[in-house]
Amino acid sequence: MIQYLQENLGISVKEKAWDLEERLPLYLKSGRSYSILQIESLDCLCIKITSDDFRISSYLKQLDKLSGYWNSNVILVFQELSTYQRKMLIQNKIAFIVPESQVYIPFLGMVFKERTAGRQYIVDNRLSATAQLLVLFAIKNKINRIRQADITQFIPSSPMTISRAVNELIQLNLMNEKINGRERILLVDSSMSGLYRKCKRYLDTPISRIVYVKEADVPEELPFAGESALSEYSMLNPPNVNCYAMWKKNFNKLKLDTVDPNWIRESYAEIQLWIYDPLLLANGRYVSELPLALTFENETDERVEDAVETMMENYKW
């Protein structure tokens with residue numbers, strides 16, 4: 001139940017024993033077990049209903065007696081409920097949980113709202129740059145389990161940015177999470193090919209814009225991209241002008257001089273400025289296949305389309 005609440009509410013939940021349970025009269029203990037649920041900083045009395053003869057009318061009468069032992073929020077836990085029973089509980093504003101099925105905790109609204117107010121939600125059905133990088137990095141390196149705290153070792157982003165990216169992936173059910181104490185562990189339950197199929201609709205081209213520079217000015221570490229990389233993964237002939245990929249943040253730092261291809265007589269190169277660092281998804285001197293395929297999403301040249309299809313057919317999941 002704790003894991004279910006953490007995954008669905010996205011907030012901290014802990015359970016501990018209630019030391020007053022033994023003092024309750026028999027009619028309050030029969031068919032029930034008690035504990036304390038700590039939801040964020042809020043303590044709630046958790047009553048697990050273990051018998052089939054629970055009646056709302058009797059429970060409402062018993063609340064006055066129960067308030068002598070616990071004068072705060074109460075949550076009932078059922079293994080199953082009929083549609084009518086759920087309706088009656090909600091009409092009477094009785095908080096309840098059916099693990100793996102439903103959570104109704106009206107008094108928790110403010111706590112949940114405060115915790116989730118800063119969460120980054122999906123915009124225009126597209127993952128953020130960091131979330132796209134994270135899922136593609138996981139697929140490329142066949143990672144199916146990783147601690148959130150360890151992600152910054154591979155992806156140079158702040159813990160807050162990583163946390164938001166993780167939230168996006170969990171919101172869309174692309175990945176799952178496991179809470180182990182204070183650790184948040186990101187899990188992939190499907191195959192890498194299955195994960196890619198699920199996330200494909202939320203991925204977009206990594207290209208922010210394209211610039212041209214002198215070939216001699218291209219930094220040595222830049223990986224080949226575009227048709228220059230596609231020719232490595234297929235039978236496509238290399239283009240006359242080399243194409244490279246570069247993180248747009250690095251381009252702004254380097255302040256490279258751009259040129260106009262129609263006005264330059266020297267050799268020049270095309271540089272795709274990506275929304276994330278292509279080096280993190282590179283195979284040596286070439287950007288890797290999955291983000292490369294995304295750069296050709298709107299391609300109309302059949303020659304290039306066939307090459308992309310060949311590359312994806314040969315991809316080793």
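Packing rests on contact, meaning heavy atoms within 4.5 Å. Helices (H or I, at least four residues) and strands (E, at least two) are DSSP runs numbered from the N terminus.

The model is predicted: local features need pLDDT of at least 70, side-chain atom pairs count only at pLDDT 80 or more, and totals for chains, interfaces and linings use all residues. Residues are numbered from 1 along each chain as its sequence is written, and side-chain values use heavy atoms, with hydrogens and water left out.

**Exercise 1.** Find the cavities of 30 Å³ or more and describe their linings.

*Solution.* 
- Step 1: On a 1 Å grid over the protein atoms alone, a cavity is a set of points where a 1.4 Å probe fits but cannot get out, and lining residues have an atom within 4 Å of a point. Grid points are joined across faces, edges and corners, and the volume is the space filled by probe spheres set on the points.
- Step 2: The count is 2 cavities.
- Step 3: The largest cavity holds about 80 Å³. Its lining has 13 residues, and Leu-134, Ala-138, Ile-143, Ile-146 and Ile-151 lie nearest the centre. Two or more lining residues come from each of α6 and β7 (145–147), and α6 gives the most, with 3 residues.
- Step 4: Ala, Val, Leu, Ile, Met, Phe, Trp, Tyr, Cys and Pro count as nonpolar, Asp, Glu, Lys and Arg as charged, and the others, Gly among them, as polar. The lining of the largest cavity divides into 11 nonpolar, 1 polar and 1 charged.
- Step 5: The second largest cavity has about 30 Å³. Among its lining residues are Leu-136, Lys-140, Glu-289 and Tyr-315. The largest share of this lining, 3 residues, comes from α12.

**Exercise 2.** Why does strand β11 (residues 243–247) count as largely enclosed?

*Solution.* 
- Step 1: 5 of the 5 residues of β11 are buried, so the strand is largely enclosed by the rest of the structure.
- Step 2: In a regular strand, side chains alternate between the two faces of the sheet.
- Step 3: In β11, Cys-243, Ala-245 and Trp-247 point one way, and Tyr-244 and Met-246 the other way.
- Step 4: Two strands pair if DSSP finds at least two bridges between them. β11 and β12 (residues 268–274) run parallel and are joined by 5 bridges, and Cys-243 has Glu-270 as its bridge partner in β12.

**Exercise 3.** Is Asn-73 buried, partly exposed or exposed?

*Solution.* 
- Step 1: Asn-73 sits in the loop between α3 (56–66) and β4 (74–77).
- Step 2: Asn-73 counts as partly exposed because its relative accessibility is 23%.
- Step 3: Not counting residues up to four places away in sequence, Asn-73 touches Leu-42, Cys-44, Leu-45 and Phe-107.

Technical notes: Buried means under 20% relative accessible area, exposed over 50%, partly exposed in between (1.4 Å probe, protein chains only). On a 1 Å grid over the protein atoms alone, a cavity is a set of points where a 1.4 Å probe fits but cannot get out, and a pocket is an open set with protein on both sides within 12 Å along at least five of seven lines; lining residues have an atom within 4 Å of a point.
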